[in-house]
Amino acid sequence: MRKIILIISIFILISGCNKIKKQFEKFLFDDSKVTEVTKYSYEYKDSKKISMTETTNTYYFKKLVDSMTYITTFIYGKDGLLEKEISKFQTDRKPEIKNYIYDSNDSLILKLTIDSIGDTTHWSSYKYFPDGRKIIFQRDMFLNFKSFEEINNAAKNKAFDTLLNKYDYIYDSKLCKEQKEYNKKNQPTNLIELDYQDGNLIKETFYSFVSSMKLLKKTQYYDYTKSKTNPDYFSLDSHGDTVDKKTNYYYDGKLVLSTTIYNHGDDIHKFYYENDKEIGDIAYSKKFGKKFYYSYTYYPNGDIKEESHYTEGINNKR
């Protein structure tokens, strides 16, 4: 009799586990619809990555119509720290260069990206705080296309839009209480106020500044019920409507699915995981009426091996 009860109990337990598994949607990816595939290969020396080759193939009705290869070389200093990345397409004459600069404690304090024309397209300065490294200054340059001719002559065009942002952080007992963002005129543009409970961030309040007026954008609340390091969250606008929402799903203590809703539900992004690796994601855009699919595979050491992509149309009446 005891054996029968034990068998029944095990059957119920297994059935329950199977039901739990079925609650999580699986990542479905149709290989026959793929329009773009990027394959990655690497070279290592003394356990350090010295080069990465990305070959992107574009398909139209399953036929290869274009192929581009992008090669990145990694250069290290005597101390073993990454100092430079040199990247270019095989057809390019000059590369893009990323420079990494460190302080006396071997901590990254500056990252500069120089494009093939010689302009600094990205500049980030870092500083270290009780909770880690943060950006204190950021500058980005973007081509400002005003006509079709300028697009055709983009390589020679020197007209740029420049974004300058500076950040300031206010701490209390090693916890960041405020994060302020300023523009190039040193005027405040954004503010985040942070609240904690037992050392955990439980609320962020986002403000923007318009003509010196402080306006509430949204308030974001965090829930650590499922995970102490990767909380769920939702945010409400000034009218109490849900703006964004992130929900994580776990099985056997491991993350299997993360769903994020943005812009009052107009955009949805789902990330799928296996063995702590993202294996795919699907992005839904109501604005563009599109569904974007991405699939990822990895080498045994964790390096990404291949990324596949395709797009589908969706019905906006959701």
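Helices (H or I, at least four residues) and strands (E, at least two) are DSSP runs, numbered from the N terminus. The model is predicted: local features need pLDDT of at least 70, side-chain atom pairs count only at pLDDT 80 or more, and totals for chains, interfaces and linings use all residues. Residues are numbered from 1 along each chain as its sequence is written, and side-chain values use heavy atoms, with hydrogens and water left out.

**Exercise 1.** State where Thr162 lies, how exposed Thr162 is, and what Thr162 touches.

Solution. 
- Step 1: Thr162 belongs to strand E9, which covers residues 160-172.
- Step 2: Buried means under 20% relative accessible area, exposed over 50%, and partly exposed in between (1.4 Å probe, protein chains only). Thr162 has a relative accessible area of 28%, so Thr162 is partly exposed.
- Step 3: Contact means heavy atoms within 4.5 Å. With neighbours within four places in sequence left aside, Thr162 is in contact with Arg139, Asp140, Met141 and Lys184.
- Step 4: From Thr162 to His122 the C-alpha to C-alpha distance is 9.8 Å, and the two are 40 residues apart in sequence.

**Exercise 2.** Describe how strand E6 pairs with E5 and with E7.

Solution. 
- Step 1: Two strands pair if DSSP finds at least two bridges between them.
- Step 2: Strand E5 (residues 96-102) and E6 run antiparallel and are joined by six bridges. Ile97 has Ile114 in E6 as its bridge partner.
- Step 3: The hairpin of E5 and E6 has five residues between the strands, and Asp106 in the turn has a positive phi of about 65°.
- Step 4: Strand E7 (residues 120-129) is antiparallel to E6, with five bridges. His122 in E7 stands opposite Thr113.
- Step 5: In the hairpin of E6 and E7, five residues lie between the strands, and Gly118 has a positive phi near 105°.
- Step 6: Strand E6 itself (residues 108-114) is mostly covered, with six of its seven residues buried.

**Exercise 3.** Find the place of Asp115 and list its polar partners and contacts.

Solution. 
- Step 1: The loop between E6 and E7 holds Asp115.
- Step 2: The relative accessibility of Asp115 is 16%, so Asp115 counts as buried.
- Step 3: A polar contact is a pair of N or O atoms within 3.5 Å; within protein, one must be able to donate a hydrogen and the other to accept it, and residues adjacent in sequence count only if both atoms are side-chain atoms. The Asp115 side chain reaches the backbone nitrogen of Ile117 at 3.1 Å. A polar atom of that side chain also lies 2.9 Å from the backbone nitrogen of Asp119.
- Step 4: Not counting residues up to four places away in sequence, Asp115 touches Pro95, Glu96 and Thr121.
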